[in-house]
Amino acid sequence: MANSVKVIIGAMDEEVSALVARMALVVKGEVDGVEIHQGQLGGQNIVVAKSGIGKANAAYTAAILLKEFKPTEVINIGSAGGTKVGQTVGDVVVANKLQYHDFDIGPNTITDSRFIFENGHSDLSGIENVLKSLNFPYHLGLIVSGDQFVTKDSDAFKRIQDKFVDAIAVDMEATAIACACERNQTPWIVLRSLSDVTHNEGNDMDFETYLAKASANSALIAEEYLKLV
């Protein structure tokens, strides 16, 4: 592949498959246990990887691919859970800041700059223009990550509401990916579609129902974004 490569990471089969279906010249492979698909999308050379669920899997995948391909940008796609009243399944969330919601080393953890990732993301004006052109409702702001599926009555959601009042969504991988990227001085972008909204009763059932829709939305938007950059 050409020297200029972008890496796209999704956690689950549904998220990755929706993207691979849009690619051309696809070659499947594996790098140090990470499943990848190399090919083209939106006029760009890309490597799509399935990380598996959770922060450790995400960090491992990002680190391996950053070393192997030296990408110009890492894009994290897939689904997320909305954390704001009034959000709807299918809405898009874009991170301009990322933090861990389940990480605690004392009272100053949430203000400790070592664990806040907001300076290494790509210029977000391009993705905002894409979302506006596609008429996708979107939310720009803080996304928090942790190793739990967050439901309305969970302790995790109570903590998020208390400690991260500005959070627009919750996921399980994005902050770890951004951490790896920033340590490697590689720009990142987190682009996800809501599969559920945590304020709603039964949001765990919504996730199973709407995962495919969220995956398709994020894949479409990623393709359109790649056409611009």
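Reply: Here is a short tour of strands, salt bridges and aromatic rings.
Reply: This is a predicted model: local features need pLDDT of at least 70, side-chain atom pairs count only at pLDDT 80 or more, and totals for chains, interfaces and linings use all residues. Residues are numbered from 1 along each chain as its sequence is written, and side-chain values use heavy atoms, with hydrogens and water left out.

Me: Okay. Strand β5, buried or exposed?
Reply: Mostly covered: ten of its ten residues, 73–82, are buried. Buried means under 20% relative accessible area, exposed over 50%, partly exposed in between (1.4 Å probe, protein chains only). Strands are DSSP runs of E, at least two residues; helices are runs of H or I, at least four; both are numbered from the N terminus.

Me: Which strand pairs with β5 over nine bridges?
Reply: Strand β10, residues 188–197, in the parallel sense. N76 stands opposite V190 there. Two strands pair if DSSP finds at least two bridges between them.

Me: And how does β1 pair with β5?
Reply: In the parallel sense too, over four bridges; β1 covers residues 6–10. K6 stands opposite E73.

Me: What about β9?
Reply: β9, residues 167–171, pairs with β5 in the antiparallel sense, over two bridges. The partner of G82 is A169.

Me: New topic. How many salt bridges?
Reply: The count is ten. Each is a side-chain nitrogen of Lys or Arg within 4 Å of a carboxyl oxygen of Asp or Glu.

Me: Which residues are linked in a network of them?
Reply: K55, D102 and D147. K55 meets D102 at 3.0 Å, N to O. K55 lies in helix α2 (55–69) and D102 in the loop between β6 and β7, so the pair ties together parts 47 residues apart in sequence.

Me: And the D147 contact?
Reply: D147 and K55 meet at 2.8 Å, N to O. That pair links the loop between β8 and α4 to helix α2, 92 residues apart.

Me: Is K55 buried or exposed?
Reply: K55 counts as buried, at 17% relative accessibility. D102 is partly exposed at 27%, and D147 is partly exposed at 40%.

Me: Where do K227 and E224 sit?
Reply: In helix α6, residues 203–228, three residues apart, so about one helical turn separates them.

Me: Last one. Which residues form the aromatic cluster?
Reply: Y100, F103, F115 and F117. The structure holds three aromatic pairs. Rings of Phe, Tyr and Trp (its six-membered ring) pair if their centres lie within 6.5 Å; planes under 30 degrees apart count as stacked, over 60 as edge-to-face and the rest as tilted.
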